[in-house]
Amino acid sequence: RDFNERCAQCSEVNWGLTDGGRYYCRSCHNVTERTREVVNTDFITNSRVQTISKGSRKQEKNDGGCEWYVCEGFQLVLKKQAEALEALGVCPQMKDEILCNFWRCYLQKSKQAYCKRPAAETVKGLSACESSTDVDSDPERPSLLHLLSLSESEGDLQTDCSFASSVSKVSESTSVYSGSVDGSLYLMKNQKEKLRMTMPMTLSFCYMALLWLREPITLSELLRFVVEGHIPYLNVFQHFPEKMKLCGLDLRIFCVESWPVYEEVFNKMHELAAFLDLPRFPDITDSCFLHPDMLCMKYLMEANLPDELHNWTCRVVKKIGIGEVDFLTLMPGNKSTRKVKYDVLAAAVIVVVLKLLFLLDDHYEWLLSEFAEERNKNNTEGGPYFEFKKWYEVVKQSLDVEQKKLDEERAKYLWRCEKPLFYSVKNKSKVLKRRQMVVNLQNQFGKLSGSVRRAEKPNPSSFQLSWSEENTDGSCFHGHSLKGVLQEKCGLLTAMNPDYWLCTVKLCNEKLCGHLAHYREVEFPQSYHFVLGLFSFLLRIQPSYIHDEVCMIEHKLFNKKLYKKLKYNTVLRK
């Protein structure tokens, strides 16, 4: 009765109202942008309040999309990553119990859900918008989400409609375009006030859940699976439902154009654990995969080193106490304990053992190799003596091939995803046309050149370098003996080498400069640098981080001698 305009399509005057309060033509079913003026006198006496009804939060927009929030996007990313880990053999308990509880706790702590008031920044943003209306804000209104589960297939989160409507007003009032409701507000948040969610933090969540379950996956393996494409991370937004339109500022949040960095994911995981006030993690005992004794065995096999070295790594671990439960178990928020990088620690133990036996000074190890070579010529019984020189040549050749292959794959990687992206509505049509043109040209040139399609990604494996003892070319050193570098003294096998050189005499303050010691290749022997480079490739981290752990182990191992030396030097100076 109140709306008498003719329909723009059929010129009829026969209007009805949708559930969202909009007018639609009963004759041709055309829906207009006009909404009904609502008169409500229930909650304010003798006053007439005009409100614009936005309908349900999940009501479709003109472009076929629906209203969604940034936290919903991250929830979908976590869900895809958890499913990928589950497909790799991780315990199914991880997704719906451990990771889901961590995520819910984060939303509550960051005041995005499960709280009575929205985050402070959101309240400030809404106050300016709501002050211009006649409707008073409800102080007891839920902030954003009521229910949340990582098992929800479409990221469908039940939200408070009135709050969603208010956030939509703020989002629409800004000049910056985004597909999500709170994309612009999300980027305006103060990072110091709380831990803002980012794409690298999704991997921190996954690693935290894996560590809680003590799963046999280290952080370096997790990041390698990401780079190899077994775990969604790069261009993961392509898996978003069609109704969740991603554009504008959303690309700055979800679009990743760099490989995940070990240190960033590791540090964010510890910040997350402290932010969530998590209790002490389950104990890392000697039967766990993350224990140094277990990881040393794995890396000795992958580095093609003799099995007998494992006895020496276990002796070093026991002597300096880095295999103790209290040292290895994560205690969030405890600043007195050191943050343990399990994979880097195990690699550093192997490097220290190699220095103890072979010195790695570009001289002593080659003398031992010549001695072992002579003994192998006359040796007819037992296993062959380990030759460092031969091992170096075999491993270096394989390492160079794998490194070259890795560099080529990274150089050829296509950072642009198949799904077109656009930063504004104005450029959407241009981007779609340009993308379609590129695809057509690629298909035509591919047919003309007869180019072969990219090979499918290989199956995930814990080992990057494999060595078989069945090979007759002698390229496997697992069964080789260390008799050439050991001597028996008082019933115990000790190293023939009586000397040892320290990487550094005094450690730096890790909190100030970020490293315990500074590493420059030109200042150290080439043999030492090669061993660091080998484990740097296996762990996909910088050699300087392994060097830090080596320095830490050395100072624990030679603490008494270092203390006496420093004390003696101090006396001489006086």
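**Figure 1. Helices H7 and H9 are oblique to each other in the predicted model.** The axes of H7, spanning residues 219-227, and H9, spanning residues 262-275, cross at roughly 120 degrees. Because angles of 65 to 115 degrees count as roughly perpendicular and those over 145 as roughly antiparallel, this pair is classed as oblique. The two axes come within 11 Å, and H7 passes H9 in a right-handed crossing. On the H7 side, the contact is made by Leu219, Ser220 and Leu223; on the H9 side, Tyr262, Val265 and Phe266 take part. Of the residues in this contact, 5 are nonpolar and 1 is polar, with no charged residue among them.

**Figure 2. Aspartate 277 occupies the loop between H9 and H10.** Helix H10, at the other end of this loop, covers residues 292-302. Although aspartate 277 is not a glycine, its phi is positive, at about 55 degrees. The relative accessibility of aspartate 277 is 56%; because exposed means over 50%, the residue counts as exposed.

**Figure 3. Aspartate 362 lies in the loop between H13 and H14.** Aspartate 362 is a residue other than glycine with a positive phi, near 70 degrees. Its relative accessibility is 31%, so aspartate 362 counts as partly exposed, a class that lies between the limits of 20% and 50%.

**Figure 4. Tryptophan 103 is a buried residue of helix H2.** Helix H2 runs over residues 93-109. Tryptophan 103 has a relative accessible area of 1%, and it is buried because this value is under 20%. The view also includes phenylalanine 205, which is 102 residues from tryptophan 103 along the chain. The C-alpha atoms of these two residues are separated by 8.0 Å.

**Figure 5. The protein chain that contains these sites has 20 helices and 5 strands.** This panel gives the context for the close-up views. The chain comprises 574 residues, of which 45% are buried. Among the contacts with a separation of 6 or more, 71% are between residues 24 or more positions apart.

Key:
Residues are numbered from 1 along each chain as its sequence is written. This is a predicted model: local features need pLDDT of at least 70, side-chain atom pairs count only at pLDDT 80 or more; totals for chains, interfaces and linings use all residues. Side-chain values use heavy atoms; hydrogens and water are left out. Helices (H or I, at least four residues) and strands (E, at least two) are DSSP runs, numbered from the N terminus. Buried means under 20% relative accessible area, exposed over 50%, partly exposed in between (1.4 Å probe, protein chains only). Axes are lines fitted to C-alpha atoms, for helices over the stretch in contact, and angles run from 0 to 180 degrees between N-to-C directions. Angles under 35 degrees count as roughly parallel, over 145 as roughly antiparallel, 65 to 115 as roughly perpendicular and the rest as oblique. A crossing is left-handed if the near helix is turned anticlockwise from the far one by less than a right angle, and right-handed if clockwise. Contact means heavy atoms within 4.5 Å. Ala, Val, Leu, Ile, Met, Phe, Trp, Tyr, Cys and Pro count as nonpolar, Asp, Glu, Lys and Arg as charged, and the others, Gly among them, as polar.
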